[in-house]
Amino acid sequence: MKFARLLSAMLLTIAPLVAHTLPGPQLSTPTVISPVNPDQLRIFTADIATAPDGRGILAWAEGGFVYLQRLNADGTANGTRINANAVGTGEVRDVLVAMDNDANFALAYTKGFDRDAVVYFRRFLADGSPEAIEYDNQSMRPYSVVGLPECGDRRVGTSAPAMDMDTAGNVALVFDAAIYCGTVIQRNQAVYRYMPKSAPASEPLAFASADATDTEPRTRYSAVDIQGSTVTIIGTGLPAGNQTLTLFRYNGTVQQNTVNVATFQARIFSSRQLAVHRSTSGTATAVWQAATFDGQTSTFSAPAVRMRSFDSNNTALSESPVALVNGSELLGLSTEPDGDYAIFTRRENQDAWTIYRFSDAGVAGEIRQGTNVYNNGFWQTVPLAISPTLPGNNYAVLYNRSDTDDSTLLHVLRYGGPQGTLKLDMQLSRNPIVAGADDQIVLRWISNAIGPSAGGTCQSEFNLGSSLRAPTGQQNLGTFTVAGDRTYGLLCGPGDLRQSVTLNVQSNEQPLPTPTINFTATPANLQGNATSTLSWSTTNATTCDASGEWTGSKAVNGSETVGPFATAGSRTYTLTCRNQNGPFATQSVDVTVASDTTPDAFSFTAVTDSNPSLDTQSNTITIAGLNAAAPLSITGGTYSIDGSQFTSAAGTISNGQTLRLRVTASAEPGETVVATVTVGDFSTNFSVTTRMPDGASTAMVDDVDNNPVEFMSSEGTLNNLRTVATPMGAPSTREYPNGFFAFNIDNVTANSTVTVTITLPADARPTSYVKCNADGSSCADFAGATFNNNVVVLTLTDNGAGDTDPREGFISDPGAPAVTPAAAPGSASVGGGGGGSLNAMLLPLVGFLLWRVRRKAG
């Protein structure tokens, strides 16, 4: 016989909802954890936590000490109890444990009261040994006393802890911190500490704080959920008057946002009356136990468990809190391995425990299943904690039961979840299992349902025979020499709750068929930030593996989204699928990303006060939105990439590189120089305006078309700036699109030279400046004018060139920016032969005659 391959299948059945109040489906009988001193009073502070594989940790306080008991996957005790050597003085309370995927766990508890209260924290390995030498004393951490009166006897009392640990071992710890001066409380704070597995823990972060207005100590209570760096907290206000619940969200140590959950007139006395769950989509669900206050009778109603959910943007998914169940107490909330969560309640004055399950994406009020899972009829039973264990939504319940008034025992009881969904888990291949002749086959099954037959057994079917089977077991089916299909089934639970698996045995001479693969990428060609969906289906394949641009094991049928991509180019995705360890097939698809050389929009901040002729640099921007190098060009300036030398030559720039521009400022005050840079198809400007000189005077006036015009003198004070009618002596060989202006400059230095800068509308392009005498009878081009696009600079001298005011220290200057009109088509130019020359000679004469007529008419 050849070496046998061991194939196994697992039959997994889960019982549906059962309409009775007897114990739910049990995987094991209760495990009794005897305290060290069983004759002392009952234990009221204990907690249990479990890993996905079913291993767990139980912690309880007794006689001023904290004890630990590790649990096996079936709920039985693993070794002897461990004395956790609780430090501090006083009574132990608020015992909490939390466990990660590897069964490492954390312990927190409170010792003492008021100013002597201390919250202690410590991590432990899965074998029960502590990670740290000492406990972390939260009262010895730094807390803010800013704003508090001076005190020579200041202490911090920490209490009311809440704790959660995610699958990787990251911990979020919240607690109340009360700052005392002597025995008088000064400030209450709700404090959060982020404790990642592989990095130092943060110092306390106060997410709520209030200074005391009296000497009454008050405690804030909280609940917390952690998933990686995402932390969700629900916390109470100070218990005076109306109670307020607030939801806080953190990313590590950074607070994201808050939202009010509910306000009601009641008091919450313990962190165990609060719970919070965050789904994978970001929905946060707050759960709490509270009673309604009746103002007429001044009494509270029976407690009720309420809940309210908020989406990832903190928008409430219900207008008001939803009452989950009335007349009941909140036992806790547990997140299951598949992301679903369950809320556990206990009916007031009864030992009826109820599980309400919700899907991970469920909202408040969506009750999937509810069932009483335990009712023993003894008033002495005190439920303490509950936790998810094995896959299949099973739970471990920790309760405290006394058969007499003088003794106490802790019990751990395992329950199957109330879901009625059938599941099939194949360990080495899909259903049917394909095996070769002479292969040894072992069939394994597990069920958390009570079977319908005698003693809770299950009924086997088909090729498994017709016999009674335990809900959990295995059978060696041996080897097969005859090819063919065989089906094995099991009936476990009330109704038609069956599971079956098919075994396909092939002869040695019958080769395994070669797999086929249908593999596509849609779309195969991408633009910009688009994505592509890879889809594949196979036949005769049992496993698939990815290579090329992707890696890892893949399902034999499925789809996956790839992209968006940071760079352009072609990418090849390869899928290789096998039939058992035999024949295989390989297929590849290409996803091509087109070049995108248009960057995300960017801009440069204009400089408005540069010194004259100064090389002025822009702010630095980072190019984004490209997946290939983009062409770059500039006009009116130079550029630098990643701090390199400035240049005006065309070049290229890539995504993530930085860009800075440089422009030489104008020598003229108030003039703007603009550089235009183009990256790919996108262009933007960087402008630099030369600042006004010290002591300059400016004034504004509208031209003949109501466009604003700015005048600036380098000295003195501009006065009486105005537009005037075109003087009689204005040359007709010029056009004056902005009209004539007149102004005075007072208080200039006698006989000094003053520059006047005139900024016209942006489209103005004057070629000369015409100045006139005081009465406008004589006008001519002014030689002291310079031009730069729409800017005219006049150089005037007191009692000299350009000044019509004879007083010293005063300048008067009527004039206008002018342009020389283009010659009309077909006409002779001025100064040419024939009529053109005559026209040039007659025009001044006609102007003079018109001026004389106007004077007489005046």
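**Cysteines, confidence and a sheet**

Tutor: Let's start with one pair: cysteine 772 is buried, and cysteine 779 is buried too. Keep in mind that this is a predicted model.

Student: What do cysteine 772 and cysteine 779 form?

Tutor: A disulfide, with the sulfur atoms 1.9 Å apart. The link is right-handed, with 110° about the S-S bond.

Student: How many disulfides does the structure hold?

Tutor: It holds 3. Another one joins cysteine 544 to cysteine 577, S to S 2.1 Å. That link is right-handed as well, at 110° about the S-S bond.

Student: Is cysteine 544 buried or exposed? And cysteine 577?

Tutor: Cysteine 544 counts as buried because its relative accessibility is 2%, under the 20% cut-off. Cysteine 577 is buried, with a relative accessible area of 0%.

Student: What about cysteine 151, which cysteine is it joined to?

Tutor: Cysteine 181, S to S 2.1 Å. The link of cysteine 151 and cysteine 181 is right-handed, with 100° about the S-S bond. Cysteine 151 sits in the loop between strand 10 (136-137) and strand 11 (154-165), and cysteine 181 in strand 12 (residues 171-181), so this pair ties together parts 30 residues apart in sequence.

Student: How accessible are cysteine 151 and cysteine 181?

Tutor: Cysteine 151 has 17% relative accessibility and counts as buried. Cysteine 181 has a relative accessible area of 23%, so that residue is partly exposed.

Student: New topic. What is the mean pLDDT of the protein?

Tutor: The mean is 75, and 71% of the residues reach 70 or more.

Student: Where is the pLDDT below 50?

Tutor: Residues 361-383 are one such stretch, with 89 contacts in the model beyond near neighbours in sequence. Residues 413-432 are also below 50, with 92 such contacts.

Student: How many bridges pair strand 42 and strand 45?

Tutor: They pair over 5 bridges, with strand 42 covering residues 532-539. Serine 532 has valine 562 in strand 45 as its bridge partner.

Terms used:
Residues are numbered from 1 along each chain as its sequence is written. This is a predicted model: local features need pLDDT of at least 70, side-chain atom pairs count only at pLDDT 80 or more; totals for chains, interfaces and linings use all residues. Side-chain values use heavy atoms; hydrogens and water are left out. Two strands pair if DSSP finds at least two bridges between them. Helices (H or I, at least four residues) and strands (E, at least two) are DSSP runs, numbered from the N terminus. pLDDT is the predictor's confidence in each residue, from 0 to 100. Contact means heavy atoms within 4.5 Å. A disulfide is a pair of cysteine sulfur atoms within 2.5 Å. Buried means under 20% relative accessible area, exposed over 50%, partly exposed in between (1.4 Å probe, protein chains only).
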